[in-house]
Amino acid sequence: MLPSQALLPAVVFALTALQALASDTFIAAVYEHAVILPDLTEEPVSASDALALMNKNMGVLEGAIKEAAQKGAHIIVTPEDGIYGWKFTRESIYPYLEDIPDPVVDWIPCTDPSRFGPAPVQERLSCMARNNSIYVVANIGDKKPCNSSDPQCPRDGRYQYNTDVVFDPQGKLVARYHKYNLFRGETQFNYPEEPEAVTFETPFGKFGIFTCFDILFYEPAAVLVSKMQVDTVLFPTAWMNVLPFLTAIEFHSAWAMGMGVNLLSANTHNTSMAMTGDGLFTPQGPAAYHYDSATEEGHLLLAELSTDPRLSPTHPLAISWSLYATSIKKFPGENDTFSGAVRKDIFTFSELRHKAGNYTVCQGDLCCHLVYQMSNKREDEVYVLGAFDGLHGSLIKYHWQICTLLKCPSTNLSTCGQPVEMAQTKFEMFSLSGTFGTSYVFPEVLYSGVQLAPGEFQVLRDGRLKSKHGTSKPLVTATLFGRLYEKDLPHPLRTSP
């Protein structure tokens, strides 16, 4: 017979599972972590020094996990790079990596730490989950040996992967995901041979998981939602905010709404790299979110979410994103256009010269339509309607279709498309639509000061993004962000020799 202390985690887990089964909701948590970074070096540190740095970060994460569990959370997501940071070479990251087995092995590292060789990080994460009876999601590095019989084997004889792991409330490893879409600069890691669609069942729904840059691609992001039918996506990220469309809380909230699922987004926090913004996002909007570019502190968020958002009476209905826009002719009026850059993407813009109006702007196969009325037309603020239909990106190129109502940083039209956080103009109404060639469109509304607008806009079934009762705060952008996956260029792994 097992001692009573050993039985305790299993008993608590069973009670937690029964509680979750008896409810249509669960409590989720995400932690935005101000990562303790290693000293920059191209030479590998010792294994003990690497573990010492990781233990410092895991100590912070453990405090957040305990607090979340005490507040009733069933699951907590921690950030990408949250245990050892970033800016590594392939060689210098090696001491931080562990061999992470396939979860089919049915392994609890907390109780059997040496089964697959030294695994102190997995052991500690497993014990965090087990001791607090909570699902723990973390991002670490996986290493896998290979040899000359494998033509893709790197010269150093190993694959290195950016990896998410999930431990259940008993501490068992239940999911492992290797990041497929590596961001530029992640040269310390390899691409997995094939994209992974990782899911696992819980007492409170079917979960999927992927990492940061993955969210912008069909594999694995759209596959998990459209084909695997997950209810909730776990999303460790190290997201560098890029206005006007790719600020973390802005795009991640829009993605959850466009996909019709819950998204648990946990970001790293580093203001010098514009990393901040996490949240618990639902198809109806953010249940809770946090954005802090002023301090260097971590932050814990909790919220109660639906176990099956698709069955919710408030779940968004199916939307025909081009229905309205393709049914109308171009609006009359002043439609002089000019080109402007959003980073390196050349948009077609038209200035909103009056307090109210109807506008149409086209680029490629996309025409964007806007009806609007400002509360007051200010002389010191300029807004434009913009359209973009084309490829974006460097190492990996992917196709955007974007319609946007956008504030310019100044009255100089050459600045339109450059980042701006503050505004003073409110709108009594706006209605934005486009002739999108995709069903994957994500609606964004961002207010002054990088604030979301929960409950203040809606998407009609004919594809119009509309304000409900006017904007309560000054508007930075209202955007329909479309992803035409079919026109993406091949993944780099598919084009490598």
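Which residue stands opposite Ala478 in S24? Click on Leu405: that is the one facing Ala478 in S24. Before we go on, some housekeeping: this is a predicted model, so local features need pLDDT of at least 70, side-chain atom pairs count only at pLDDT 80 or more, and totals for chains, interfaces and linings use all residues. Residues are numbered from 1 along each chain as its sequence is written, and side-chain values use heavy atoms, with hydrogens and water left out.

**Stop 1: strand S18**

Select residues 398–407, which make up strand S18. Helices (H or I, at least four residues) and strands (E, at least two) are DSSP runs, numbered from the N terminus. In S18, 10 of the 10 residues are buried, so the strand is largely enclosed by the rest of the structure. Buried means under 20% relative accessible area, with exposed over 50% and partly exposed in between (1.4 Å probe, protein chains only).

Two strands pair if DSSP finds at least two bridges between them. Strand S17 (residues 383–392) runs antiparallel to S18, with 10 bridges; look for Tyr383 opposite Lys407. The S17 and S18 hairpin has 5 residues between the strands, and Gly393 there has a positive phi near 115°. Next show strand S24 (residues 475–483), which is antiparallel to S18 and joined to it by 7 bridges.

**Stop 2: Arg483**

Stay in strand S24 and pick Arg483. Is this residue buried or exposed? Arg483 counts as buried, at 1% relative accessibility. Contact means heavy atoms within 4.5 Å. Leaving out residues up to four places away in sequence, Arg483 touches Leu216, Phe217, Tyr398, His399, Trp400, Thr438, Tyr440, Phe442 and Asp488. Draw a line between the C-alpha atoms of Arg483 and Thr438: they are 6.7 Å apart, although 45 residues separate the two along the chain.

**Stop 3: an open sheet**

Show the five-strand open sheet with the order S15-S16-S19-S23-S22, where the pairing is antiparallel. Strand S15 (356–363) and strand S22 (457–459) stand at the edges with a single partner strand each, so one side of each has no neighbour in the sheet. Zoom in on S15 and strand S16 (residues 366–374), antiparallel and joined by 8 bridges. Gly357 stands opposite Tyr372 in S16.

**Stop 4: helix H5**

Select residues 248–259, helix H5. How many of its 12 residues are buried? The count is 11, including Phe251, His252 and Trp255.

**Stop 5: the largest nonpolar core**

A nonpolar core is a set of buried Ala, Val, Leu, Ile, Met, Phe, Trp, Tyr and Cys residues joined through side-chain atoms within 4.5 Å. The largest one has 107 residues, and Ile75, Ile83, Leu125, Leu234 and Trp255 touch the most other members. Helix H2 (residues 47–70) contributes the most to this core, with 8 residues. Finish by clicking on Ile75, whose contacts beyond four places away in sequence include Phe26, Ile134, Phe204, Leu234 and Leu264.

Definitions and conventions. Expected span 1.5 Å × (residues − 1).
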